[in-house]
Amino acid sequence: MFQIMVVDDDKNTRMLLKAVLEAENYTVFTAENGEDALSVMDANHIDLVVLDIMMPRMDGYTFTKALRESNNNLPILMVSAKQLPSDKKHGFLVGTDDYMTKPIDEEEMLWRIKALLRRARIASERRIVVGNVILDYDSLTVSRNGEVQELPQKEFMLLYKLLSYPGKIFTRIQLMDEIWGADSETGWETVTVHVGRLRKRFDGWDEFEIVSVRGLGYKAVKKV
């Protein structure tokens, strides 16, 4: 069971979010500010933080910066009444993973939390499971029912990236920058070539598909 900490100096907000999250079977801890939150983390394992920004003693920006500077990659969802683009930019620059503005859409918040927890699990386990298919980042292998394929590094990283965010559209340039590097002299056409190789390699594997989105790029679709 995932353990989530809600950090907000408003008691009513803390209690509301606690109730919403507990209804989804999360274990919830609460704190009034960043300093109290750090104390909670010292005594308990926390999987994700829902974090206000404007708080006394230690605000959300300072709390997030402190975690990132200590190499703590705990997923953080900032939830704040601060709505200016500069506020959001500051949040992402200090290291938040996602940002929502108040008043909170509770259903949207739950979707975002589930996505953050899924990505954090993928990052820590370094593997993706899609039905009977397992992508193992450390060995660059894709296996299913005893069949194991070891992929060239770029092919594996491309597939791993797409399946880490199923349904999300990535442009060819985005994929080039992330996998080949922004300074690469290779043209974006190489992404198309690698997608073609992956499709041929996994032809007949019904668990997932790489879909072309006309004029945009590619996305992975899970079918299980």
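# Close-up views of a predicted model

View 1. Strand β7 (residues 133-136) and strand β8 (residues 141-144) run antiparallel and are joined by four bridges. This is a predicted model, in which local features need pLDDT of at least 70, side-chain atom pairs count only at pLDDT 80 or more, and totals for chains, interfaces and linings use all residues. Residues are numbered from 1 along each chain as its sequence is written, and side-chain values use heavy atoms, with hydrogens and water left out. Two strands pair if DSSP finds at least two bridges between them. Helices (H or I, at least four residues) and strands (E, at least two) are DSSP runs, numbered from the N terminus. Leucine 135 has valine 142 in β8 as its bridge partner. The open sheet has four strands in the order β6-β7-β8-β9, with antiparallel pairing. Because β6 (127-130) and β9 (147-150) stand at the edges with a single partner strand each, one side of each is left without a neighbour in the sheet. On average, neighbouring strands of this sheet are turned by 15° against each other, direction ignored. Axes here are lines fitted to C-alpha atoms, for helices over the stretch in contact, and angles run from 0 to 180 degrees between N-to-C directions.

View 2. An open sheet of three strands, with antiparallel pairing, has the order β10-β12-β11. Its edges are β10 (170-171) and β11 (208-213), each with a single partner strand, so one side of each is left without a neighbour in the sheet. Two bridges pair β10 with strand β12 (residues 217-222) in the antiparallel sense. Opposite phenylalanine 170 stands tyrosine 218 in β12. Across β11 and β12 lies helix α8 (residues 189-201), which runs at about 150° to β11.

View 3. Strand β12 includes alanine 220. This residue counts as buried because its relative accessibility is 1%; buried means under 20% relative accessible area, exposed over 50%, and partly exposed in between (1.4 Å probe, protein chains only). Leaving aside neighbours within four places in sequence, alanine 220 is in contact (heavy atoms within 4.5 Å) with Leu162, Leu163, Pro166, Gly167 and Glu209. From leucine 162, alanine 220 is 58 residues apart in sequence and 5.3 Å apart in space, C-alpha to C-alpha.

**View 4. Aspartate 98 in strand β5.** Strand β5 (residues 98-101) contains aspartate 98. At 15% relative accessibility, aspartate 98 counts as buried. Not counting residues up to four places away in sequence, aspartate 98 touches Ile76, Leu77, Met78, Phe92, Arg112 and Leu116.

**View 5. The largest pocket.** The largest pocket holds about 720 Å³ of space. On a 1 Å grid over the protein atoms alone, a pocket is an open set of points with protein on both sides within 12 Å along at least five of seven lines, whereas a cavity is a set of points where a 1.4 Å probe fits but cannot get out; lining residues have an atom within 4 Å of a point. Grid points are joined across faces, edges and corners, and a volume is the space filled by probe spheres set on the points. The lining of the largest pocket has 25 residues, of which Arg119, Ala120, Ile122, Ala123 and Ser124 lie nearest its centre. At least two lining residues come from each of α5 (106-125), α6 (153-164) and α7 (172-180). Helix α5 supplies the largest share, eight residues. By class, this lining has 14 nonpolar, four polar and seven charged residues. Ala, Val, Leu, Ile, Met, Phe, Trp, Tyr, Cys and Pro count as nonpolar, Asp, Glu, Lys and Arg as charged, and the others, Gly among them, as polar.

**View 6. The second largest pocket.** The volume of the second largest pocket is about 170 Å³. Among its lining residues are Leu198, Arg199, Phe202, Trp205, Phe208 and Lys223. Both α8 and β11 give two or more residues to this lining, and β11 gives the most, with three residues.

**View 7. The cavity.** The structure holds one cavity of 30 Å³ or more. Residues lining the largest cavity include Val6, Asp8, Thr13, Leu17, Val50 and Lys102. The elements that give two or more residues to this lining are β1 (3-7), α1 (11-22) and β3 (48-51). Six nonpolar, one polar and three charged residues make up the lining of the largest cavity.
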